[in-house]
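Subject: Handover of a structure for your review

Dear colleague,

Please find below the structure that I am handing over to you. The notes after it set out what was found.

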Amino acid sequence: MEIKNVVVAGAGVLGSQIVFQTARCGFQVKIWNRHVDRAEKRLASIKAPFMQDMHATEADYQAAMDNIVDISNDLAATVKDADLVIESVSESVEIKKAFYKELGEVLPDQTIVASNSSTFVPSQLVKFTNFPERFLHMHFANHIWSHNVAEIVGTDQTLPEVKDAVIKFARDIKMVPVVLNKENHGYVMNALLIPLLNAAQALWANGIADPHTIDKDWMISNGSPMGPFMILDVVGLRTAYEIVNNQYQQTKDPLAKKIADNLNKMIDEGHTGVESGQGFYHYPNPEYKDPDFFK
C-alpha cells in the first residue's frame, strides 16, 4: 500500500500543521474543512512560527504551500483520489461520529483513515466506521515540524499492511514513529502532559495562584522552556476545553466542570490562545518575553 495523495479533514491548529508538514515533504495534499476561509487563515498563521522554528525562508514556506492543491467543503470530491485521510476534526464524540458516517458513504475502497484524536482511543472511534480494517490512530504534537513525533496505534481489526504503510508515511514526512503496543488514553505524550496541565488548571481554578505565577514557578523550578499555561495557549483553548469537558462528561468531577467553565468564559471573550492573539498571555509579544517576568 503506497501513500501519495493525502487529505486532512479539519484544518484547526494541529490539522493545518499536519497539512503543511505533509506538503513540505513533497506530498500532494487536499484539505476538507467546513469553512474554507478558516483553513486559509490557519495556513497563513503557520508562516511565522515555521520560519522561526526552522530558520526557514519565505521560499521554503511557499514551496510547501504549492503542494496544497485544494481546500474544499465537498467531502466526496476531496477524498475521491485519497490514499490516506487524516481526521483532525473537533474533539467531540458527536462531531467525530457524524464525520465518520459522512466519510463512510464516499470513501474509496483502498483509502486508509488515521485519526489524530488527542483524547479518544481507536476502540472508541472505530465503531463509527465501516472500514475498521483500514482505520488506526496517528497522533502528532504541536509545531509538528520541530516536535516531530507520530504516535501510531491500531485496533485488533487494523490490517498489518495498513499499519506498515502509515509507519512508512510517518517517516516520509520526517516524523519519528512511536508505535504503541496497545491503545492508551493520551498515548505516551499526553499521558505525561495532561496531568501537568490538569494540575496547573486546578491550581488556577481553586484560586491558589494565577497562571503567570504558576508558569513562572514551574519554569524556574524545573528548567522547563515553557509553563503549562504557555502550552495551553499553543494548543489552543478550544482544544483544552474539549479535553477537560470530555473528562467532566466521563467523571462528573466538579473541578473539571469548574475548569471547563473558566476556559469557556475565555473562549466566549475571544481569548483562544496564540491563534487569536490572546489567551493566558498577549501575542505576538507575550509577557513571559519581558526580562522582568522572572524577577
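What percentage of the contacts in the protein with a separation of 6 or more comes from residues 24 or more positions apart? The share is 68%. Please bear in mind throughout that this is a predicted model.

Overall form

The protein contains 12 helices and eight strands. A compact globule of 295 residues would have a radius of gyration near 19 Å, and the protein, with 19 Å, agrees with that value. The C-alpha trace spans about 55 × 45 × 35 Å along the principal axes. Buried residues make up 49% of the 295. The accessible surface amounts to about 13800 Å², and carbon and sulfur atoms hold 52% of this area. As to charge, there are 27 positive and 37 negative side chains, and the centres of these two sets are 1 Å apart.

Nonpolar cores

The largest nonpolar core has 40 residues, of which Leu84, Met138, Phe140 and Phe169 touch the most other members. Helix 7, residues 160-172, contributes the most to this core, with six residues. A second, separate core has 27 residues, among them Trp204, Ala205, Phe229 and Tyr248.

Met138 deserves a separate entry. Apart from neighbours within four places in sequence, Met138 is in contact with Leu84, Ile86, Ala114, Ser115, Asn116, Ala150, Glu151, Ile152, Val166 and Phe169.

Helix 10 and the residues after it

Helix 10 covers residues 228-235, and seven of its eight residues are buried. Those seven are Pro228, Phe229, Met230, Ile231, Leu232, Asp233 and Val235. They pack against helix 1 (13-24), helix 8 (189-205), helix 9 (211-222) and helix 11 (237-251). Gly236 follows helix 10 and has a positive phi, near 105°.

Gly236 is also one of the contacts of Thr272. Thr272 lies in the segment after helix 12 (254-268). Is Thr272 buried or exposed? With a relative accessible area of 3%, Thr272 is buried, the limit being under 20%. Besides Gly236, Thr272 touches Leu237, Arg238, Ile267 and Gln278, when residues up to four places away in sequence are left out.

Backbone geometry

Most residues other than glycine have a negative phi, and most peptide bonds are trans.

- Tyr283 and Pro284 are joined by a cis peptide bond, with omega at about 20°. Pro284 is located in the segment after helix 12.
- His143 is not a glycine, yet its phi is positive, near 55°. His143 belongs to the loop between strand 6 (135-140) and strand 7 (149-154).
- Lys174, likewise not a glycine, has a positive phi of about 65°. Lys174 sits in the loop between helix 7 and strand 8 (176-179). Its relative accessibility is 51%, so Lys174 counts as exposed, the cut-off being over 50%.

Lys47 is part of helix 2, residues 36-54, and is partly exposed at a relative accessible area of 25%. The C-alpha atoms of Lys47 and Thr57 are 9.5 Å apart, while the two residues are 10 apart in sequence.

Glu183 is found in the loop between strand 8 and helix 8. Its relative accessible area is 30%, and Glu183 is therefore partly exposed, a class that runs between the limits for buried, under 20%, and exposed, over 50%. Along the chain, Glu183 and Pro122 are 61 residues apart, and their C-alpha atoms are separated by 7.1 Å. With neighbours within four places in sequence set aside, the contacts of Glu183 are Val121, Pro122, Ser123 and Val153.

With kind regards

Conventions. Residues numbered from 1 in each chain as written. Predicted model: local features only at pLDDT ≥ 70, side-chain atom pairs only at ≥ 80, totals over all residues. Heavy atoms only, no water. Helix = DSSP H or I, 4+ residues; strand = E, 2+ residues; numbered from the N terminus. Rg over C-alpha atoms; globule rule 2.2 N^0.38 Å. Buried < 20%, exposed > 50% of the residue type's maximum accessible area, 1.4 Å probe, protein only. Contact = heavy atoms within 4.5 Å. Areas by Shrake-Rupley, 256 points an atom, 1.4 Å probe, with all protein chains shown as cover. Lys, Arg positive; Asp, Glu negative; His and termini not counted. Charge placed at Lys NZ, Arg CZ, Asp CG, Glu CD. Core = buried A, V, L, I, M, F, W, Y, C linked by side-chain atoms within 4.5 Å.
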